[in-house]
Amino acid sequence: DALEKGTIVLAAGNPQGYDFYGSLTMGVLSGLDRDLGNGDVTYLQHDASINAGNSGGPLYNLDGYVIGINVSKMASEDIEGMGFAIPINTVKAVVETIVPTD
């Protein structure tokens, strides 16, 4: 809830599978509550490199906290470096509906 634009972020994942297992890229959180037009979920926008195989990987802040789960990127001739992550509070809420904690 306390995220701010300009926060340095780290994206972890396995781009192209196990050939590049455990990759880590750095970027900046550049948008909050981004609506990609696919439902009720809003996303965190960042510019850390996201490649095939990074989806489902964590997005960390520099304190080591997972702040999101990487799920998508936008790329075209006009757009470069736009990654999107589901905010961790949204992830927690969904997990609790699947696996109750009480």
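Analyst: Start with what a strand is here: a DSSP run labelled E, at least two residues long, numbered from the N terminus. Asn54 lies in the loop between S3 and strand S4 (58-61). Keep in mind that this is a predicted model.

User: What makes Asn54 count as buried or exposed?

Analyst: Buried means under 20% relative accessible area. Asn54 has 2% relative accessibility, so Asn54 counts as buried.

User: Which residues are in contact with Asn54, leaving aside its neighbours within four places in sequence?

Analyst: Contact means heavy atoms within 4.5 Å. Beyond those sequence neighbours, Asn54 touches Ala12, Gly13, Asn14, Pro15, Ser49 and Asn70. Take Gln16 as a distance check: 38 residues separate Asn54 from Gln16 in sequence, while their C-alpha atoms are 8.3 Å apart.

User: Why is Lys92 called partly exposed?

Analyst: Exposed means over 50%, buried means under 20%, and partly exposed is in between. Lys92 has a relative accessible area of 49%, so Lys92 is partly exposed. Lys92 sits in helix H1 (residues 88-98). From Lys92 to Thr42 is 50 residues along the chain and 14 Å between C-alpha atoms.

User: How many helices and strands does the protein chain have?

Analyst: The protein chain has 1 helix and 6 strands. From the N terminus, the order is β-β-β-β-β-β-α.

User: How do you know which strands pair with S1?

Analyst: Two strands pair if DSSP finds at least two bridges between them. S1 and strand S2 (residues 23-34) share 6 bridges, in the antiparallel sense. In that pairing, Ala12 faces Leu24 of S2. S1 and S4 are joined by 3 bridges and also run antiparallel. There, Ala11 has Leu59 as its bridge partner.

User: Where do side chains point in a regular strand?

Analyst: They alternate between the two faces of the sheet.

User: How do you know whether the radius of gyration of the protein chain agrees with a compact globule?

Analyst: Set the value against the rule. A compact globule of 102 residues would have a radius of gyration near 13 Å; the protein chain has 14 Å, so the two agree. Its C-alpha atoms fill a box of roughly 45 × 30 × 30 Å along the principal axes.

User: How many of the residues are buried, as a percentage?

Analyst: Of the 102 residues, 27% count as buried. The accessible surface is about 6600 Å², and 52% of that belongs to carbon and sulfur atoms.

User: What share of the contacts with a separation of 6 or more joins residues 24 or more positions apart?

Analyst: That share is 41% in the protein chain.

User: How far apart are the mean positions of the positive and negative charges?

Analyst: They are 3 Å apart, for 4 positive and 13 negative charges.

Note on methods: Residues are numbered from 1 along each chain as its sequence is written. This is a predicted model: local features need pLDDT of at least 70, side-chain atom pairs count only at pLDDT 80 or more; totals for chains, interfaces and linings use all residues. Side-chain values use heavy atoms; hydrogens and water are left out. Helices (H or I, at least four residues) and strands (E, at least two) are DSSP runs, numbered from the N terminus. The radius of gyration is taken over C-alpha atoms; the globule rule is 2.2 Å times the number of residues to the power 0.38. Buried means under 20% relative accessible area, exposed over 50%, partly exposed in between (1.4 Å probe, protein chains only). Accessible areas come from the Shrake-Rupley method with a 1.4 Å probe; for residues, only the protein chains shown count as cover. Lys and Arg count as positive and Asp and Glu as negative; His and the chain ends are not counted. The place of a charge is taken as NZ of Lys, CZ of Arg, CG of Asp or CD of Glu.
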